[in-house]
Amino acid sequence: MAKQSASSIVVLKVIETQRAAFRATPNAKRETPTFAEPESAVKLLAVTPRTEAEQFEHIKTRVFRRSDDAVREVADLIANLVHGRQMENRTAVLGLATGSTPVKLYRQLIRRHREDGLSFRNVITFNLDEYYGLSPEHPESYHNFMRVQLFDHIDIPPENVHVPDGLVDRGKVFEYCQKYEELITRAGGIDIQILGIGRTGHIGFNEPGSGIDSRTRMVALDRLTRRDAARDFRGESNVPEYAITMGVGTILEAREIILLAWGESKAAVLRAAIEGPETDSVPASFLQRHPQCQCFLDETAAGDLMRFRTPWKVGPVQWTPELTRKAVAWLAGSLKKPVLRLRDEDYTENGLATLLVEIGAAYGLNIRIFNELQHTITGWPGGKPNADDSHRPVPAHPAHKRILVFSPEPLDAELGMAGTLNRLVNQGHEVTLVYVTSGNLGVPDREARMAVSLLNEIQAANNLGALAKELDNKTAYDEDSAALRRFKGLIRKAEARASSQILGLADVQFLDLPFYERGRYRQFRPDDGDVAAVVRLCESIQPHQIYLTGAGADPSSVAGIVYRLVTEALDSPARHSNAGTSQIWLYSSGERPWLPHEINMAVPLSPAELAVKLDSLYHHRSQRSQTPFIESGESWQHAERTNRSTAQQYDQLGLAEYEAIEAFRLLAGAKR
Ligand code: GLP
């Protein structure tokens, strides 16, 4: 009985929150848009009622441990629709998206076509958008993207495929866009619309400011969107300024909508879209209006939702040691008080009374958490020889460790842990820094031109004439020849050597994994050969400690792929010889500074050590203005800000005040 009334309160609360959100919408039209009636016997999304944990979420959201699991379910939904319609002798209409996010879904659909015989003969597709000014043959056009990622590998009739035309005459854009909408209507409307989300909160290319009733049209791209696309176009200035996109209103007319998102770079905008008010400053928030919309997220993308960020505000929780630490650090952080000065009232007035009931009064709890945080700080990331290590993050034995550090591309490890690398070397450990890929895709032509002209001057090589010619004749986004990629790889390797020498590393290794050399951004296809190379490396080094990054990265990025390869290699049956590896540490890939409660080892940097780190970072000069995910400035400025901000957060919690801190999370292995 009591239970029932509790859940009806929750339902009322949800309705009230939704109403409040609706009232808070300043400019949106008040009438709810009309949705196409459910069309067929094939019911696609069973949108189940929200649970208590989801009470603050205005869009039904499902969270999966890995993006692969989410993608399999979405592929099932699509396969059921397509198959169901085949039985009825009818067509199925899909709305498709581009970007890294849906790539895995498309691979899954291709697999089903090849292995399970799923046919797309009765499928009609409409893509959300296209860059304005790009021909369908342009390597970065969405036409080309869709061909490479999906259409070339399935049996969809070419006349059933629709992607907006990026070359339509300016004067005819309006008319063209109306026609695009008519084609959707004539096809019977979209059955399932697949969406990704941009960091501005855009769906399609509906940037902030797009209204709920916007239709297919030409739009100007946001600065952040162009910056995120800069790597695909080899420089922000090459990214088109305009695009043609379906409108928010067009998207909302689909019968079912599935928004996919992976990786921590999307966490903040997803929180705004799912838990915030409907607002045109986050166009994805308008999906809250759609009765058949669901978000499929992986755990890192969902990390900022209330049920993960502050689960105690959402319902009863089990006070595990990790959650307790998180709650206390959160309370201190939000009240801007050192941990040791938190009072009982601070806990009770901020929704944490149950913590006191279960764990005891503030005094003891504060001391316990203070000590836990204190024990994450160490100047001995390889362990302190002959010291009592019962409260240290790293065991003292063996005093001299073999340490293997993976850097997905040159610069990643330096950004995340240059200071720590420097310390590990100075403290006498045998450190192997491995650059898993050469990073040649990240070298802009201007850098290659500079190096070619320098070498030409000293006549050091014979084939430079051909390279110079290629650089003269190519446009920025033409595919590089193998020779030019090798040359660009040499540039990055030289930078990486210079940078690691500053950190005291006498030698570094370049693994040059095949998946990278075969591919390009968003189109990497790692296979068993890549895993085998990592297994061989681990076997030859037999490390006591491993450092790795990319756990929260987009799974299709280089860092995300390398993370998966290394963890797979360590789990592989051939791994017995790595059994001596006691710890695997994760360093941050810099998309978001970690909060103190998420950190298991904090390595402080003195002002002089920070200067050495920055010096090593500056040597990656080809990477100026190349790093995505950073809203302003250079990646090294961002790394410095992150390291300083971690130190400030420790200080604010009442711990010692350092210049900067590099943060690590324990991925596996006992702390001792
Ligand atoms: C582009 C596309 C969007 C996509 C977004 C996110 O701007 N127009 O449809 O959702 O990027 O891209 P990604 O999936 O690569 O993060």
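The expected span of a helix is 1.5 Å times one less than its number of residues. In this predicted model, helix α22 (residues 635-652) has 18 residues, and the distance from its first C-alpha to its last is 25 Å, close to the expected 26 Å.

The buried residues of α22 are Ser635, Trp636, His638, Ala639, Thr642, Asn643, Thr646, Ala647 and Tyr650. Their cover includes three helices, α13 (362-374), α14 (412-426) and α21 (607-618). Strands β16 (601-605) and β17 (660-668) also contribute to that cover. Just after α22, Gly654 adopts a positive phi of about 100°.

**The open sheet**

Seven strands make up an open sheet with parallel pairing, in the order β1-β10-β9-β6-β2-β3-β5. Strands β1 (60-64) and β5 (161-162) stand at the edges; each has a single partner strand, so one side of each lacks a neighbour in the sheet. Within the sheet, β2 (residues 92-96) and β3 (residues 123-127) pair in the parallel sense over five bridges. The bridge partner of Leu96 in β3 is Asn127.

**Aromatic pairs around Tyr131**

The model contains 17 aromatic pairs, counted for ring centres within 6.5 Å. The rings of Tyr131 and Tyr142 have centres 4.8 Å apart and planes at 45°, so this pair is tilted. Tyr131 belongs to strand β4 (residues 129-131) and Tyr142 to helix α4 (residues 142-149); the two are 11 residues apart, and their pair links distant parts of the chain. Tyr131 is buried at a relative accessible area of 4%, and Tyr142 is also buried, with 11% relative accessibility.

A further pair involves Tyr131 and Phe233, whose ring centres are 5.2 Å apart; their planes meet at 85°, so the pair is edge-to-face. Because Tyr131 lies in strand β4 and Phe233 in the loop between α6 (223-229) and β8 (242-245), this pair ties together parts that are 102 residues apart in sequence. Phe233 is buried, with a relative accessibility of 0%. Ring pairs join Tyr131, Tyr142 and Phe233 with Phe145 and Phe205 in a cluster.

Two arginines are placed over aromatic rings. The charged end of Arg231 sits over the ring of Tyr521, 3.8 Å from the ring centre. Arg665 lies over the face of Trp594, at 4.1 Å from the centre of that ring.

Lys474 is located in the loop between α16 (464-473) and α17 (482-502). With a relative accessible area of 11%, which is under the 20% limit, Lys474 counts as buried. The side chain of Lys474 makes a polar contact of 2.8 Å with that of Asp445 and one of 2.9 Å with that of Asp480. Apart from neighbours within four places in sequence, the residues in contact with Lys474 are Arg234, Asp445, Asp480, Leu484 and Lys488.

| Residues | Arrangement | Distance |
|---|---|---|
| Arg231 and Tyr521 | charged end over ring | 3.8 Å from ring centre |
| Arg665 and Trp594 | over ring face | 4.1 Å from ring centre |
| Lys474 and Asp445 | side-chain polar contact | 2.8 Å |
| Lys474 and Asp480 | side-chain polar contact | 2.9 Å |

Notes. Residues are numbered from 1 along each chain as its sequence is written. This is a predicted model: local features need pLDDT of at least 70, side-chain atom pairs count only at pLDDT 80 or more; totals for chains, interfaces and linings use all residues. Side-chain values use heavy atoms; hydrogens and water are left out. Rings of Phe, Tyr and Trp (its six-membered ring) pair if their centres lie within 6.5 Å; planes under 30 degrees apart count as stacked, over 60 as edge-to-face and the rest as tilted. Helices (H or I, at least four residues) and strands (E, at least two) are DSSP runs, numbered from the N terminus. Buried means under 20% relative accessible area, exposed over 50%, partly exposed in between (1.4 Å probe, protein chains only). A charge sits over a ring if NZ of Lys or CZ of Arg is within 6 Å of the ring centre and within 35 degrees of the ring normal. Contact means heavy atoms within 4.5 Å. A polar contact is a pair of N or O atoms within 3.5 Å; within protein, one must be able to donate a hydrogen and the other to accept it, and residues adjacent in sequence count only if both atoms are side-chain atoms. Two strands pair if DSSP finds at least two bridges between them.
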